[in-house]
Amino acid sequence: MLDLRRLRLLRELKIRGTLAEVAEALSYSPSSVSQQLALLEKEVGVELLRRAGRRVVLTAQAEVLVAHTAELLETLERAESDLAASLTTVSGTVRVAVFQSAALALMPGALTAMTRDYPEVRVEMVQREPETALYETFARDFDLVIAEQYPGHAAPRHPELDHMPLTEDAIRLAVPLLGPHTGIGTVADAAGAAWVMEPRGAASRHWAEQACRRAGFEPDVRYETADLQAQIRLIESGNAVALMPDLVWTGRSVPVQLLDLEESPRRSVFTSARRAGAQRPAVLAVREVLGRAAADVRHPPSP
């Protein structure tokens, strides 16, 4: 009988790439991971790992085991979901990965509602960029992810994850009420302005750069930060302009001028969970409460 814990270590190596990353993800020491995989090789009687420089790679036989391990883990997760569904109380821990504007706009109200309506459920939240969070949910680091995708830029799809729409919000041009950038009415008018955007690699950055290029210019991205609160302060103080989704203004006054764009672009926000665990009552409860929180958000925001 093969040891499922060792099989999982092999699958984690496939997903994460190095023994050190497997050890960090599962709170093992690298030497312990190596020893367990060596024992697994003895159990199956074939070579599973080969050295490739300073790394190890999986053999064809290891890939076969990884595929079966994924099926076994999905079966166990479905069994856990069915067991939890048979109980009369909704309980357990749900680990949620969320991007910043959703963390600010949706999670405070959702967490309050969870405490009131589902007191036996513990929700743990970590802020992550959507692409990273989707992969880490597939890798079982999280149970649920709140992610986003911009027009024409689909988020990564993992077959093991479902995709449930949560809400949409408009993307508008945010310009200062005072200072040298007042008087801007369109994206094209902002060709000479200083811009603030998220770091390269973020979907919002790529979309904003493309919007500027479609308007006929390369944006002067003078300020770069993933912190949306910092972006708002730079715009409010008259130092920059930006393309901002409406969700960032939830629960706060709007200290800038928001201008509609010609194509009325909208960002979509969705949740994803592993299909095998999506019916776990605690996950369903979090999704239900998030849906209520999203329905309470008022669009467009009032200046």
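## Basis of the model

The model is predicted, so local features are described only at pLDDT of at least 70 and side-chain atom pairs count only at pLDDT 80 or more, whereas totals for chains, interfaces and linings use all residues. Residues are numbered from 1 along each chain as its sequence is written, and side-chain values use heavy atoms, with hydrogens and water left out.

## Overall make-up

The protein chain contains ten helices and eleven strands, where helices (H or I, at least four residues) and strands (E, at least two) are DSSP runs numbered from the N terminus. The C-alpha trace spans about 75 × 55 × 30 Å along its principal axes.

Of the 303 residues in the protein chain, 49% are buried; here buried means under 20% relative accessible area, exposed means over 50%, and partly exposed lies in between (1.4 Å probe, protein chains only). Among contacts (heavy atoms within 4.5 Å) with a separation of 6 or more in the protein chain, 74% join residues 24 or more positions apart.

In soluble globular proteins, nonpolar side chains tend to be buried together. A nonpolar core is taken here as a set of buried Ala, Val, Leu, Ile, Met, Phe, Trp, Tyr and Cys residues joined through side-chain atoms within 4.5 Å. The largest such core has 31 residues, of which Val-94, Leu-106, Met-114, Leu-144, Ile-146, Val-286 and Leu-290 touch the most other members. At least two residues of this core come from each of strand S3 (92-98), helix H5 (100-105), helix H6 (107-117), strand S4 (121-127), strand S5 (144-149), strand S11 (266-273) and helix H10 (281-296). Helix H10 supplies the largest share, eight residues.

Val-286 shows how these parts meet: leaving out residues up to four places away in sequence, Val-286 touches Val-94, Val-96, Met-114, Val-123 and Leu-144. A second, separate core has 19 residues, including Tyr-150, Leu-173, Val-187 and Leu-243.

## Helices H1 and H2

Two packed helices are described by the angle between their axes and the distance between the axes. The axes of H1 and helix H2 (residues 19-26) come within 9 Å and cross at roughly 115°, the axes being lines fitted to C-alpha atoms, for helices over the stretch in contact, with angles that run from 0 to 180 degrees between N-to-C directions. Arg-8, Leu-9, Glu-12, Leu-13 and Arg-16 in H1 meet Leu-19, Glu-21, Val-22, Ala-25 and Leu-26 in H2. The residues of this contact divide into six nonpolar, no polar and four charged, with Ala, Val, Leu, Ile, Met, Phe, Trp, Tyr, Cys and Pro counted as nonpolar, Asp, Glu, Lys and Arg as charged, and the others, Gly among them, as polar.

Arg-16 belongs to helix H1 (residues 4-16) and counts as buried because its relative accessibility is 16%. Its side chain makes polar contacts with the side chains of Glu-12 (2.5 Å) and Asp-141 (2.7 Å); a polar contact is a pair of N or O atoms within 3.5 Å, and within protein one must be able to donate a hydrogen and the other to accept it, while residues adjacent in sequence count only if both atoms are side-chain atoms. Apart from neighbours within four places in sequence, Arg-16 is in contact with Glu-21, Val-22, Ala-25, Ala-139 and Asp-141.

## Two residues with positive phi

Most residues other than glycine have a negative phi. Ser-27, which is not a glycine, has a positive phi of about 60° and is found in the loop between H2 and helix H3 (30-44). Arg-140, also a residue other than glycine, has a positive phi near 80° and is found in the loop between helix H7 (130-138) and S5. Ser-27 is exposed, with a relative accessible area of 68%, whereas Arg-140 counts as buried at 14% relative accessibility.

Asp-162 is placed in the loop between S5 and strand S6 (164-175) and counts as buried at 14% relative accessibility. The side chain of Asp-162 reaches the backbone nitrogen of Ala-273 at 2.8 Å.

Gln-231 is in helix H9 (residues 228-236) and counts as buried at 3% relative accessibility. A polar atom of the Gln-231 side chain lies 2.9 Å from the backbone oxygen of Thr-225.
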